[in-house]
Amino acid sequence: MKIQNIEEYHSIYKQSVENPEQFWAEVARQFEWISPFSETLKWDFEKPDVQWFINGKTNITLNCLDRHLANHADKTALIWESNDPKEKEIRFTYARLHEEVCRMANVLKNNGVKKGDRVCIYMPMIPELTISVLACARIGAVHSVVFAGFSAHALADRIQDAQANVVITSDGLNRGTKEVAVKRVVDEALDSGCDSIQKVIVANRLGWTVDMTHGRDVFLHDELLKVNADCPAEPMDSEDMLFILYTSGSTGKPKGVVHTIGGYMVYAGYTFDTVFQCGEKDIFWCTADVGWITGHSYLIYGPLLNGATTLMFEGIPTYPDAGRFWQVIDKYGVTHFYTAPTAIRALMASGVDHVLGYNLHSLKLLGTVGEPINEEAWKWYHLHIGKGRCPIVDTWWQTETGGIMISAIGHFSPQKPAHAGLPLPGIQPVLLNNDGKEIKENEQEGYLAIRFPWPSIIRTTYGDHERCRLTYFSTYNNYYFTGDGARRDADGLYRIIGRVDDVINVSGHRFGTAEVENAINQNKKVVESAVVGFPHYIKGQGIYAFVVCEKIPESPDFTREEILETVTQEIGRIAKPDKIQFVTALPKTRSGKIMRRILRKVAEGDTSNLGDTSTLLDPLVVDEIVQGAI
């Protein structure tokens, strides 16, 4: 699979866009199929309807686990590193991981889970999370992982939308110095009316005493005693659902992005191998939580599909100090390190002294994901972590794309700070102007879209196909629209500029403005609100909230804390606004539309030219907002 040099890349890329079906069929045949596919692709972006590897039957765990057993049963598949550096790591060979997944799969079946059922997984970053994901796939259940930092309200929304019938969780979690009662959050979510849930399976992480509902809740360790490790993989159609993963959009309700088995398997496996160029003895570490797509594709599925060794980390980069990432790299001899620009900027701010005590000689390649990396952070990462010798793959992709779309490849692609780079083979990006016409020239910027499907393209938004069509396929006819703006330089390298819709990218996590506004508006003192993104040194973008209350708060700081607590309860701590400005009114047009461009300018501190305000119902509102800016 591996591309060896830039000339080979250009040759393969040319073939892949001239005859994409032949290209992807050849890639797909490198995986194991129970029954071969009879047709490579059917597609229609207007409906939308995309099908890959039609009539093919497989199971993704056959390719992640079983096919490695003949020659690599004793190779380390998964290393788990605790939040506490004093706690001993846990290692799983491919043989042991296969056994544990089969046992967990039998636990699920014993608790009533059938092919096609949705299973919600709300857990810390412990081995049972990876095992549960793979166990669902083993028996044909659809996993829906929810980040264990979301609130009970947000968890309930996702359970209800997916109509999940089982939740897998833990007693609690440690994240840095924080302790979170995870089971209690699940109980609170289920108390709000998640009638579809029949069973809750609880892993024992911290040894806490937790409330257990008789007939519904069971402990995982008890259930494992009832099963053996004999669980053949369920034959699945290529277009059967593999997982639902919820992501924020420009409207308030999160979208359940659906990925299917064959296409996702082929693309996650291919892109991991192509971009990272891992060797047989390499150690790959993706720091992402499995609650996000990066953890799905490049902590679990991508590495295991390629028989690699993947590292799973429970903690955070600054605990017990800002040298933790580097300590872990040296401890295990990590060769490939994949993290977020937010983490890099936070560690930069902690000073280089936290790096100097570690040699980092094992590193061969560095990666970034979640948001564009700024040039200053790129250079710091390259110099202090990569020691000037490790290439950086600045990967651009989305939950909806399933895998990396634009990136440097291994060590031979052009390295240009803050540029994602070239499209991967099989990917056909375009820049569109305001009229939806393709911009052919380089040194131009426009709206980033994709003109041809790839195997792991989003199939639908769960339970609402029309929303999928409207969000991704209606803006420009016969294109998948990414929602991002981009620039293509003279060499054809892409630089992602950022979102062009009402989505804010905070530390690589996307939040729709309406979603955060809806949460703020749940506070009884709030009449209405508007949120926008603003440049944030650590997070990339922060959330700036303009809030109208029933009356001017007597204690603004106290009211801010109340609003932050409301957002925490409704969504989770990760969505808390960084700044809250109280205003008497929002800048609205006569038709009632909020003029967000003015609010963005204020949030960015650029009020010298706010543009035409004559269409506002009350232009004087702008003066008040500018004067009160934080």
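Reply: Start with strand β11 (residues 199–203): 4 of its 5 residues are buried, so the rest of the structure largely encloses it. Buried means under 20% relative accessible area, exposed over 50%, and partly exposed in between (1.4 Å probe, protein chains only). Helices (H or I, at least four residues) and strands (E, at least two) are DSSP runs, numbered from the N terminus. This is a predicted model: local features need pLDDT of at least 70, side-chain atom pairs count only at pLDDT 80 or more, and totals for chains, interfaces and linings use all residues. Residues are numbered from 1 along each chain as its sequence is written, and side-chain values use heavy atoms, with hydrogens and water left out.

Me: Which strands pair with β11?

Reply: Strands of a sheet pair through backbone hydrogen bonds, either parallel or antiparallel. Two strands count as paired if DSSP finds at least two bridges between them. Strand β8 (residues 166–170) pairs with β11 in the parallel sense, over 5 bridges. There, isoleucine 168 stands opposite isoleucine 201. Strand β12 (residues 217–219) is also parallel to β11, with 3 bridges. Valine 202 has phenylalanine 219 of β12 as its bridge partner.

Me: What is the order of the strands in the open sheet of 7 strands?

Reply: The order is β5-β4-β17-β16-β18-β19-β20, and the pairing is mixed. β5 (90–93) and β20 are the edges; each has a single partner strand, so one side of each lacks a neighbour in the sheet. From one strand to the next, the twist averages 15 degrees. Axes are lines fitted to C-alpha atoms, for helices over the stretch in contact, and angles run from 0 to 180 degrees between N-to-C directions.

Me: Which residues pair across this sheet?

Reply: Take strand β4 (residues 76–81) and strand β17 (residues 309–313): they run parallel, joined by 4 bridges. Glutamate 81 has phenylalanine 313 as its bridge partner in β17. Strand β18 (residues 336–339) and β19 also run parallel, with 4 bridges. Phenylalanine 337 stands opposite leucine 366. Next, β19 and β20 are parallel over 3 bridges. Glycine 367 has valine 393 of β20 as its bridge partner.

Me: Are the faces of strand β19 covered or open?

Reply: In a regular strand the side chains alternate between the two faces of the sheet. Both faces of β19 (residues 365–368) are covered. Leu365 and Gly367 lie on one side, Leu366 and Thr368 on the other, and all are buried.

Me: Which helix lies across β4 and β5?

Reply: That is helix α5 (residues 94–110), which runs at about 90 degrees to β5.

Me: What about the open sheet of 3 strands?

Reply: Its order is β30-β31-β32, with mixed pairing. The edge strands, β30 (526–536) and β32 (579–582), each pair on one side only. Here the twist averages 25 degrees from one strand to the next. Helix α19 (residues 596–604) packs on the sheet and touches β30, β31 and β32. Contact means heavy atoms within 4.5 Å. The direction of α19 makes about 55 degrees with that of β30.

Me: How many residues are in the largest nonpolar core?

Reply: In soluble globular proteins, nonpolar side chains tend to be buried together. A nonpolar core is a set of buried Ala, Val, Leu, Ile, Met, Phe, Trp, Tyr and Cys residues joined through side-chain atoms within 4.5 Å. The largest has 119 residues, and Phe276 and Tyr301 touch the most other members. Helix α10 gives the most to this core, with 10 residues. A second, separate core has 43 residues, including Val200 and Trp292.

Me: How do I read an aromatic pair?

Reply: A pair of aromatic rings is described by the distance of the centres and the angle of the planes. Rings of Phe, Tyr and Trp (its six-membered ring) pair if their centres lie within 6.5 Å; planes under 30 degrees apart count as stacked, over 60 as edge-to-face and the rest as tilted. By this rule there are 41 aromatic pairs. One of them joins phenylalanine 23 and tyrosine 270, edge-to-face, 5.8 Å centre to centre with 85 degrees between the planes. Phenylalanine 23 is in helix α2 (residues 20–28) and tyrosine 270 in helix α10 (residues 261–276), 247 residues apart. Both residues, phenylalanine 23 and tyrosine 270, are buried.
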